[in-house]
Amino acid sequence: MTSVDMRTSGALADAERWTAHNYHPLPVVIAEGEGSWVVDIDGRRYLDFLAGYSALNFGHRHPGLIAAAHAQLDRVTLTSRAFVHDQFATFCRELAELCGKDLVLPMNTGAEAVETAIKVTRKWGYQVKGVEAERAEIVVAADNFHGRTTTIVSFSTDPDARADFGPYTPGFVVVPYGDLAALADAITPNTVAVLMEPIQGEAGVLVPPEGYFAGVRALCDDHNVLFVADEIQSGLGRTGRTFAIEHEGVVPDMYVLGKALGGGIVPVSAVAADRAVLGVLRPGEHGSTFGGNPLACAVGTEVVRLLATGEYQRRSARLGERLHDGLTALVGQGLVAVRGRGLWAGIDIDPALMSGREACERLADRGVLAKDTHGSTIRLAPPLVVTADELDHALIQLAAILRP
Ligand SMILES: Cc1ncc(COP(=O)(O)O)c(C=O)c1O
């Protein structure tokens with residue numbers, strides 16, 4: 001073992017010793033990042049094709065985002081919502097305009113934004129729709145991933161996410177993703193919302209059948225049900241549009257946003273909806289100490305401004321074609337399936353060759369970081385600042401590990 005390897009193995013052993021084992025990280029210890037690249041403590045460079053599960057859509061340390069953070073660090077970082085600060089209205093207005101909605105409610109993590117959506121749609125159900133107390137139902141999709149709180153895992157269908165965390169929160173109905181007839185059957189007079197990911201990321205970047213979400217929208221309209229799109233991973237440029245649901249020609253009643261909204265610097269999440277929906281909340285009914293803090297708002301405003309240029313969506317659409325063309329060429333050459341949109345792909349490795357985990361380890365050895373999800377499926381989500389050359393480089397490394 002060289003002294004170089006010893007640095008990495010020492011850091012890995014330390015991390016293993018001092019943390020709960022709720023993750024199984026690849027054996028890479030990152031020390032620096034810039035753009036699409038990270039460098040480990042031994043000086044090895046890797047292309048980051050996970051991009052913080054889409055939290056790093058603008059790459060590591062995007063200069064505009066870092067400058068906004070630095071400027072705000074020198075002014076004021078936290079006030080709590082007991083007072084208003086001078087970054088708050090700008091962020092909320094610009095994000096609401098990006099979403100085409102009246103109002104925004106900022107939180108921190110994705111799970112908190114999903115919890116916000118659940119609380120707001122339930123309250124809307126009781127106060128506006130007239131659902132009987134305690135009877136509200138929310139329809140969700142099988143194989144969903146919306147976060148890790150006890151309420152959210154209550155409607156997960158993944159045993160790893162759910163088992164032994166009960167008792168579970170009632171009020172959720174699970175239907176197969178992509179099955180409109182099942183959704184129609186599941187809607188009752190007590191249904192307040194349909195909550196779904198426009199593309200299921202954690203499930204393996206599953207794109208729904210064409211026309212599915214247009215059908216979801218129509219069913220919601222027919223039954224006075226709110227359609228809530230969880231765009232935490234799929235949104236903010238990832239698929240070549242600002243929101244993945246745009247590919248379906250559908251406008252949801254509420255967007256749930258997170259990850260890239262914080263520019264890879266701070267946790268920032270939010271829900272955006274019209275006044276008729278978000279207006280049901282009154283002072284004291286919901287909140288978070290850190291939600292909408294000055295640092296988060298300064299970075300978040302810069303994120304919204306980057307997206308408002310359309311440049312990142314265009315890059316994702318254009319380079320996404322290159323990525324998908326390259327991946328499709330590997331089907332039958334070690335890949336059995338490729339799915340996704342824009343710079344987002346789920347690839348299924350031939351299980352006879354290796355597991356997804358093994359593929360990610362081999363990719364890491366060749367300087368490309370990616371993450372397996374279930375079995376032999378890997379998620380690829382490079383930062384939207386990735387170049388064509390970098391994409392080609394990663395595709396060459398992937399082809400190399402698939403060769404027998
Ligand atoms: C679609 C979706 N919703 C919600 C979440 C939860 O976000 P967080 O981990 O910030 O709580 C995630 C995280 O992966 C996600 O992909």
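## Domains

Domain bounds here come from an automatic or database domain assignment. That assignment gives domain 1 as 26–61 + 312–402 and domain 2 as 75–308. The model is predicted: local features need pLDDT of at least 70, side-chain atom pairs count only at pLDDT 80 or more, and totals for chains, interfaces and linings use all residues. Residues are numbered from 1 along each chain as its sequence is written.

Taken over C-alpha atoms, the centres of domain 1 and domain 2 are 27 Å apart. Domain 1 puts 27 residues into the contact and domain 2 puts in 24 residues, where two residues are in contact if their C-beta atoms, placed from the backbone, lie within 7 Å.

## The domain 1 side of the contact

Helices (H or I, at least four residues) and strands (E, at least two) are DSSP runs, numbered from the N terminus. On the side of domain 1 that touches domain 2, at least two residues each come from helix H2 (51–54), helix H12 (311–328), strand E11 (335–340), strand E12 (345–349) and strand E15 (377–380). H12 supplies the largest share, five residues.

By class, this side of domain 1 holds 11 nonpolar, 13 polar and three charged residues. Ala, Val, Leu, Ile, Met, Phe, Trp, Tyr, Cys and Pro count as nonpolar, Asp, Glu, Lys and Arg as charged, and the others, Gly among them, as polar.

## The four-stranded sheet

Four strands form an open sheet in the order E11-E12-E15-E14, with antiparallel pairing; two strands pair if DSSP finds at least two bridges between them.

E12 and E15 run antiparallel and are joined by four bridges. Isoleucine 347 is opposite isoleucine 378 in E15. H12 lies across E11 and E12 and runs at about 165° to E11. Axes are lines fitted to C-alpha atoms, for helices over the stretch in contact, and angles run from 0 to 180 degrees between N-to-C directions.

The ligand is surrounded by 15 residues, the closest being Gly110, Ala111, Gly147, Ile232 and Gln233; a residue is near a molecule if its C-beta atom, placed from the backbone, lies within 6 Å of it. The shell divides into five nonpolar, seven polar and three charged residues. Helix H5 (residues 110–129) gives the most to this shell, with three residues.

H5 has 20 residues, which at 1.5 Å a residue should span 28 Å, and its end C-alpha atoms are 26 Å apart, which agrees. The expected span is 1.5 Å times one less than the number of residues.
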